[in-house]
Amino acid sequence: MTQAPDTAAKSILITGCSSGIGQAAAHALSKRGWRVFATARAESDVKRLEEEGLEALVLDLNSSDSIQAAVEAIKERTGGRLTALFNNGAYGQPGAVEDLSRNALREQLETNLLGTHELTTLVLPMMRAQGHGRIVQNSSVLGIAALPYRGAYVCSKFALEGLTDTLRMELKGSGIHISLVEPGPITSRFRENAYRAFQAHIDTAASAHADTYQKVEARLAGSDSGGAFTLGPEAVVKKLIHALESPRPRPRYAVTVPTHLFAVLRRLLSTRGMDRVLLRSTKSERE
């Protein structure tokens, strides 16, 4: 059985630490003795993370130069060693599929998939050289079930799940373990960031979905307290810790009730039956 790496030598790179899950994970793992490289796109967020006592770096998943610079900086600071990578950085692009421009979809994939992929491929040689490593991909309930008006995000997370499943098989026997975390509704600034993307890319007045968009905008502009099944970011961190520190990490970690429920229903129901459930679960957003 592969043993977990020595606690004293643990180091981790985390993307998307400006708020929410990434920020919570960075602080929690630092308290557990990990050397945390917390990254964010904005210099102001990096400065704040440093003021909070974290080792922070700029890393913009939309920029290959930024990704490469961050990895090189970590190599210099660690002597070319890194125990783990938590690919957390992502955002949601709301809008009906027919209203998504090629550019809007490209931007979604650059951050949520392609930047994550590039970072992973740059980190893997370090892990192969040391003979062990952990990679954790922050997916979503929307990586296993599609919901209306979230097509770009669903596309990015379905693709991330498929890429990760393939990579897991290719890494077998390498000492490097890769896991998917599928959160579902978590308290964060996700809705706030999604609203900015919606305003930037969706022409609501010209859309066949104009009436529905009034409700979409009201939801996005409202508070992000979530519903009855919404959990705090610490629920994700708990699963992350198991994926990083267990001698036998799981391939997948469902976090919230909707994720567990949809995973079961997807196995039990026909495609049409699943569509009915998913449409019913979002009925209030459209009527």
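Thr111 is in contact (heavy atoms within 4.5 Å) with Leu61, Asn62, Gly89, Ala90, Tyr91 and Thr116, leaving aside neighbours within four places in sequence. This is a predicted model, in which local features need pLDDT of at least 70 and side-chain atom pairs count only at pLDDT 80 or more, while totals for chains, interfaces and linings use all residues. Residues are numbered from 1 along each chain as its sequence is written, and side-chain values use heavy atoms, with hydrogens and water left out.

- Thr111 lies in helix 4 (residues 102–130); helices (H or I, at least four residues) and strands (E, at least two) are DSSP runs, numbered from the N terminus.
- Thr111 counts as buried, because its relative accessibility is 11%; buried means under 20% relative accessible area, exposed over 50% and partly exposed in between, with a 1.4 Å probe and protein chains only.
- Between Thr111 and Gly89 there are 7.5 Å in space, C-alpha to C-alpha, and 22 residues in sequence.
- Glu110 is also found in helix 4, and at 28% relative accessibility it counts as partly exposed.
- Glu110 is in contact with Leu61, Asn62 and Gly115, leaving aside its neighbours within four places in sequence.
- The C-alpha atoms of Glu110 and Arg189 are separated by 20 Å, and the two residues are 79 apart along the chain.

**Helix 1 against helix 8**

- Helix 1 (residues 20–31) and helix 8 (residues 234–245) pack with their axes 10 Å apart, at an angle of about 55 degrees; axes are lines fitted to C-alpha atoms, for helices over the stretch in contact, and angles run from 0 to 180 degrees between N-to-C directions.
- That angle makes helix 1 oblique to helix 8; angles under 35 degrees count as roughly parallel, over 145 as roughly antiparallel, 65 to 115 as roughly perpendicular and the rest as oblique.
- From helix 1, Ile21, Ala24, Ala25, Ala28 and Leu29 make the contact; from helix 8, Val236, Val237, Leu240, Ile241 and Leu244 do.
- By class, this contact has ten nonpolar, no polar and no charged residues; Ala, Val, Leu, Ile, Met, Phe, Trp, Tyr, Cys and Pro count as nonpolar, Asp, Glu, Lys and Arg as charged, and the others, Gly among them, as polar.

**Helix 9 against helix 10**

- The axes of helix 9 (residues 257–268) and helix 10 (residues 271–281) cross at roughly 150 degrees and come within 9 Å.
- The two helices, helix 9 and helix 10, are therefore roughly antiparallel to each other.
- Phe262, Leu265 and Arg266 of helix 9 meet Met274, Val277, Leu278 and Ser281 of helix 10.
- By class, the contact of helix 9 with helix 10 has five nonpolar, one polar and one charged residues.

**Nonpolar cores**

- The largest nonpolar core has 29 residues, of which Ile12, Ile14, Leu29, Val36, Phe86 and Leu244 touch the most other members; such a core is a set of buried Ala, Val, Leu, Ile, Met, Phe, Trp, Tyr and Cys residues joined through side-chain atoms within 4.5 Å.
- At least two residues of this core come from each of strand 1 (11–14), helix 1, strand 2 (35–40), helix 2 (43–51), strand 4 (84–87) and helix 8.
- Helix 8 gives the most to this core, with seven residues.
- Apart from it lies another core, of 22 residues, among them Leu119, Val123, Leu124 and Ile176.

**Tyr149**

- Tyr149 is in the loop between strand 5 (133–138) and helix 5 (151–170).
- Although Tyr149 is not a glycine, it has a positive phi of about 65 degrees.
- Tyr149 is buried, with a relative accessible area of 13%.
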